[in-house]
Each structure stands twice: as C-alpha cells, then as structure tokens.
Amino acid sequence: MEDHKTEWLPHLTNEVVADAHGNLLDAYALSLEGWRRGLTLRWHVKDSEKFSEMLTWFVDKPGQLFSLSYKERTHYFFRTRGDKVTNEAVIIGKDKEKTKQTLQNAGVRVPEGKQFSEEKTDEEIVHYASSIGYPVVLKPTDGSFGRGVISNITSSGELEHSLSYLRTELNYKDVIIEQYIPGEEYRLYVVENEVIGAINRIPPNVIGDGVNSLKALIELKNEERSLNPRLVSCPITVNQECIDFIGRKGYTLETVPEKDEQVFLSAKSNISIGGDPIDVLDVLPQVVKDTAINAIKAVDGLSHGAVDLIIHNDRNINEAVFVIELNPTAQIGAILYPMRGKSRDVPAAIIDYYFPETKNMKVDRTKTFFDFHDVLDPLQSRDASVTTVTPSPMDKIYSKKYTVSGEVQDLGYHRGLRKHAFERYLHGFVMNLENGDIEVVVAGTDPEMVDDFKNGLWEDEERATVIEVQEATYDEPIKVGFEIKADLKTQLEELKLYKQELELLDYKIKKAEVQHRKYQESLSWRATKPVRLVGAIFKKIK
C-alpha cells in the first residue's frame with residue numbers, strides 16, 4: 001500500500017484520532033465536528049436522557065453516545081446515527097427481509113431471494129434455490145461483518161453442505177437465500193438527497209513482489225494497515241477459511257507470487273476482515289448514486305445512512321445496480337481513511353443536516369481537538385452519567401513552542417507550568433526531551449498571553465534552573481487543556497506512589513474493620529444492647 005495520507009482530511013489527522021480507533025472512531029469524528037463549530041458537546045452513559053428511547057446496542061462502555069446542543073436545541077447521536085432517524089427505520093435496516101420488501105415496493109432493484117425460519121427444512125431451502133437458479137448466496141438473517149455469508153454456491157450439493165455448516169456449526173438457524181450477483185461491492189453514504197462518500201470494497205488481497213511469500217506479504221500489508229486509523233483494528237486474518245480459499249487456487253502460505261500478481265485471500269469484501277476501501281465518489285455513474293438516494297428515501301424516517309450495493313458485471317449500467325443492505329448506523333471510517341483516493345467529509349455533512357445554522361461558520365478545524373479518554377473518565381468510573389466537554393476556542397488560535405534548557409525535568413515544575421497556562425487561558429503540553437531539555441507548547445486566542453507565558457518559564461527557581469529558552473512557531477493541532485507528558489521513568493514513579501497510597505488506604509480500612517469488630521464484641525457493647533434496642537423502638541414510635 002502506498003502512502004496516501006495527503007489525501008486524508010487535514011483536520012482528522014492520525015494524531016487527532018489516535019485515542020478513538022475501532023468502534024469509537026465514528027462517534028469521535030462526528031462529535032469533534034460539532035464541537036469545533038461551537039456546539040455544546042456532552043457524552044452520555046447507557047439510557048441517559050433521550051437515549052432511553054433510542055435503539056442502541058453494545059453501549060455498556062461509554063464512548064458511543066453523545067449529544068450536541070445549539071442554544072435551546074439538542075440532538076442525540078449513537079455513533080453516526082442522530083435522533084432524526086426513527087427507531088422504525090432502524091428496525092427495517094436491521095431486518096434484511098424487511099429491507100428487501102421495502103426497497104422492492106419503492107421500485108429499487110434487489111437480488112431475488114427469500115428468508116427461511118428455523119422451522120423450514122434444508123430440503124425446502126434447496127428446492128427454492130433451484131427455482132431461482134444457481135449460483136446463489138447463503139447468509140444468516142442476523143449476521144454482520146460478513147459472518148456466515150457464503151457466496152457463489154453453484155450446486156444443490158454445495159448448498160446442502162453450506163446449510164449444514166451455517167445451521168449446525170455456526171448455529172445460525174434463520175437464513176436467507178439470494179441470487180448471486182457477479183460484480184464489485186460498494187458502500188455509499190447518503191445524507192438526504194446527496195451521496196457524500198462512496199468506496200469500492202475489495203476483498204482482502206496482497207500484491208506479489210517476486211520475493212516474499214504470501215505469509216510475509218500479509219504481514220507487510222498488516223503493518224501498513226496499522227498506520228490507518230480505520231484499518232488498524234481490521235488486519236487481514238490468516239485462519240483456516242483463508243488457507244482453504246487460497247488452497248482452491250493452488251496456493252499455500254509459503255507460495256511466492258510473481259511480481260505485481262494480485263492474490264485474493266477471501267471472497268468477502270468486508271473492511272472488518274481485511275478488505276480494502278477505495279474511494280470512488282468521483283467516478284461512479286450518476287445512476288448508481290441515484291439508486292442509493294432512492295434506497296434511503298424508500299424507508300420512512302431514514303434521512304441519512306449507508307447503502308451497500310453491487311454493480312452487475314454483465315449488464316447495462318441502467319439495469320446493473322442491486323442494493324444489498326441499508327445501514328442506518330453505519331461506520332464511516334473507511335470513507336474518512338481510504339487506502340486510495342480522497343477522504344470525504346461525512347461528519348461535516350451530517351452536522352450540516354442537524355445544525356444548518358453552523359454550515360457556513362468559519363472555523364479553523366485543524367487547530368484544536370479534545371482528549372477522548374479524559375472526557376470519558378467520569379463515565380467509566382461511574383462518577384457521572386453525563387460529562388460536558390470544555391468548549392472549543394472559536395477565535396483564531398495562536399501557538400508557540402518553547403524549548404527550555406537546564407535542570408527542568410522536575411514534575412513539580414511541570415505542574416507549575418500547567419498552572420501558568422490555566423491562568424492565561426492557554427492550552428498545550430510539556431514534554432521531556434532525551435537530552436534533558438523540555439518542550440513546552442502553548443496556544444490560545446490571545447497572542448499577548450501566549451507571549452507572556454515565556455515569563456512563567458523562569459519563575460520557579462525552587463524546582464528548576466532555567467539556562468536558556470528558545471521559541472518557535474507551532475502549527476500542529478492542539479489538544480484542549482494542558483497535558484504533562486512525563487517520561488516513562490516519571491510515569492512509573494507516579495504509578496508506584498499511587499500504588500503505595502492505595503495499599504496504605506487499604507491497610508487503614510482493614511484496621512478500622514478490625515477495631516469495629518472488636519468494639520462490637522466488647523463487654524460494654526453487649527451490656528448496652530438492651531438500652532440501644534429500647535432507644536430504637538422509641539425512635540420508631542416517635
């Protein structure tokens with residue numbers, strides 16, 4: 001994979017989203033867009049406020065439920081789905097059979113197929129497959145991420161074997177049989193009447209170099225995927241399914257493909273199992289985009305979401321587009337961080353839709369972001385059910401980097417610098433350098449305060465001896481707040497201190513419990529028991 005970072009959105013760099021990989025990326029990217037526009041951002045625990053009415057799942061841990069407010073209006077979001085999408089639309093999107101019926105009723109082309117419940121026998125399913133003609137696709141009704149999907153089944157014997165595997169080994173009792181559509185898969189993200197992003201999802205693959213084995217090529221590609229904020233959590237997995245797939249083509253993991261030879265490792269194109277997202281928004285025919293828009297419109301209450309479709313290889317484009325699924329709660333990371341092509345700003349389009357008054361707001365989105373872990377801490381520890389993020393600076397940001405030389409790595413000195421930053425309403429960080437210097441970055445909306453911070457670097461003579469201060473401009477994004485990035489040694493010392501304090505507290509608690517037990521077992525406590533009982537009865541009567 002070539003380096004395509006220059007194609008990614010400049011305000012969503014790897015550094016900005018570093019704490020929000022995996023299933024947290026979508027919520028963070030969307031919330032960050034609203035927060036940067038000056039909207040009030042709050043994070044919620046499960047069933048907080050309006051979330052008790054919204055359909056959500058896997059939200060026991062915080063980080064996927066948030067709200068954005070402008071003046072008196074508030075909207076609630078679960079990942080990328082906002083409260084303008086109704087629960088009824090979500091139910092249809094989660095049910096493949098209901099989705100298909102709804103799309104057919106609206107004149108949107110879908111593969112011919114049928115759902116079969118657990119009560120239906122394998123013989124009935126095989127008979128239906130024969131009636132619509134092979135090849136077919138077999139998949140579970142409630143599967144996701146490509147689990148249990150078996151494509152291009154070409155005979156009744158193969159279907160019987162696949163049914164046994166799906167229903168017995170994987171325990172998916174309810175299944176769907178569909179026509180197999182030969183072609184490439186795409187995901188389009190639609191907001192109202194516009195396709196905002198589109199990717200071609202290519203099954204996991206590697207490109208030979210004439211030197212490395214398939215196993216080595218997979219490892220190399222996974223290293224490159226780890227640099228992508230979306231793909232870092234989706235490596236190509238070498239399992240028995242993968243080994244069997246390449247085996248049918250005469251390959252093993254030790255095979256050395258020829259230079260520039262593309263070897264596919266699976267027939268499934270899901271990003272979550274190692275598929276490649278390729279941006280295709282600018283090259284897709286308009287008829288494909290119109291099909292996606294019509295598919296979203298077909299479901300009442302679904303104003304934005306993703307459409308998965310296949311373009312048939314052997315048909316005229318006007319009859320080639322088949323919609324496979326609708327996803328009202330879609331992941332957008334692959335559109336934000338494609339392997340090739342341009343990033344498409346889906347978060348901006350969604351916030352435009354919910355808060356149109358902020359659409360033309362002039363904000364430098366490359367300058368600030370917030371610490372995801374810090375804002376979620378009160379929810380993780382259950383100290384709060386809602387936490388509000390410090391507002392984003394809305395005026396022009398001025399930044400400077402100070403390199404301070406001398407005896408300056410004392411943690412107490414660093415905490416003093418944080419105090420100086422807060423007093424001047426500045427954000428930034430202090431970080432130890434290997435040569436004994438420290439790097440201090442500060443930013444704020446008042447350039448005089450940014451310059452004045454330099455004076456604070458010299459003031460703590462008890463905990464630091466400053467010899468020299470060099471200053472330079474700083475153009476990287478700034479995390480709101482002031483972070484002390486201590487070196488590993490200091491962090492370990494702090495951790496040791498915290499453990500000691502915890503052990504001391506635990507000792508005091510145990511000691512208090514022993515004293516309490518001794519007191520309860522004492523002669524005086526037993527002797528006064530009748531008096532305490534009479535007192536308790538008197539209190540109840542009173």
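Student: How many salt bridges does the structure hold?
Tutor: The structure holds 29 salt bridges, a salt bridge being a side-chain nitrogen of Lys or Arg within 4 Å of a carboxyl oxygen of Asp or Glu. This is a predicted model, where local features need pLDDT of at least 70 and side-chain atom pairs count only at pLDDT 80 or more, while totals for chains, interfaces and linings use all residues. Residues are numbered from 1 along each chain as its sequence is written, and side-chain values use heavy atoms, with hydrogens and water left out.

Student: Why would such side chains pair at all?
Tutor: Side chains of opposite charge can pair when their charged atoms come close.

Student: OK, what does lysine 50 meet in a salt bridge?
Tutor: Lysine 50 meets aspartate 83, at 3.6 Å from N to O. That pair links distant parts of the chain, 33 residues apart: lysine 50 is in the loop between β1 (40–44) and β2 (65–70), and aspartate 83 is in the loop between β4 (81–82) and α2 (87–94). Helices (H or I, at least four residues) and strands (E, at least two) are DSSP runs, numbered from the N terminus.

Student: Is aspartate 83 buried or exposed?
Tutor: Aspartate 83 is buried, because its relative accessible area is 16%. Buried means under 20% relative accessible area, exposed over 50%, and partly exposed in between (1.4 Å probe, protein chains only). Lysine 50, at 32%, counts as partly exposed.

Student: And which residue does arginine 167 form a salt bridge with?
Tutor: Arginine 167 forms one with aspartate 122, and their closest N and O atoms are 2.9 Å apart. Arginine 167 sits in helix α5 (residues 156–169) and aspartate 122 in helix α4, so the pair ties together parts 45 residues apart in sequence. Arginine 167 counts as buried at 9% relative accessibility, while aspartate 122 counts as partly exposed at 26%.

Student: What about glutamate 471, which lysine does it pair with?
Tutor: Glutamate 471 pairs with lysine 400, with the closest N and O atoms 2.7 Å apart.

Student: Which residues are linked in a network of salt bridges?
Tutor: Glu33, Arg37, Asp345, Asp352 and Arg365 are linked that way.

Student: Switching to the surface: which residues gather in a patch of negative charge?
Tutor: Glu118, Glu119, Asp142 and Asp174 do. Patches are made of residues with over 30% relative accessible area and no salt bridge; like charges are joined within 9 Å, and nonpolar side chains (Val, Leu, Ile, Met, Phe, Trp, Tyr) within 5 Å. Glutamate 118 lies in the loop between β5 (113–116) and α4 (122–132).

Student: Which residues make the nonpolar patch?
Tutor: Leu502, Leu505 and Ile509 make a nonpolar surface patch of about 300 Å². Accessible areas come from the Shrake-Rupley method with a 1.4 Å probe, and for residues only the protein chains shown count as cover. Isoleucine 509 is in helix α14 (residues 488–521).

Student: Where does arginine 315 lie?
Tutor: Arginine 315 lies in the loop between β14 (304–312) and β15 (321–327). Leaving aside neighbours within four places in sequence, arginine 315 is in contact (heavy atoms within 4.5 Å) with Ala320 and Phe322.

Student: Last one: how many helices and strands does the protein chain have?
Tutor: The protein chain has 16 helices and 23 strands, and 48% of its 542 residues count as buried.

Technical notes:
Lys, Arg positive; Asp, Glu negative; His and termini not counted. Charge placed at Lys NZ, Arg CZ, Asp CG, Glu CD.
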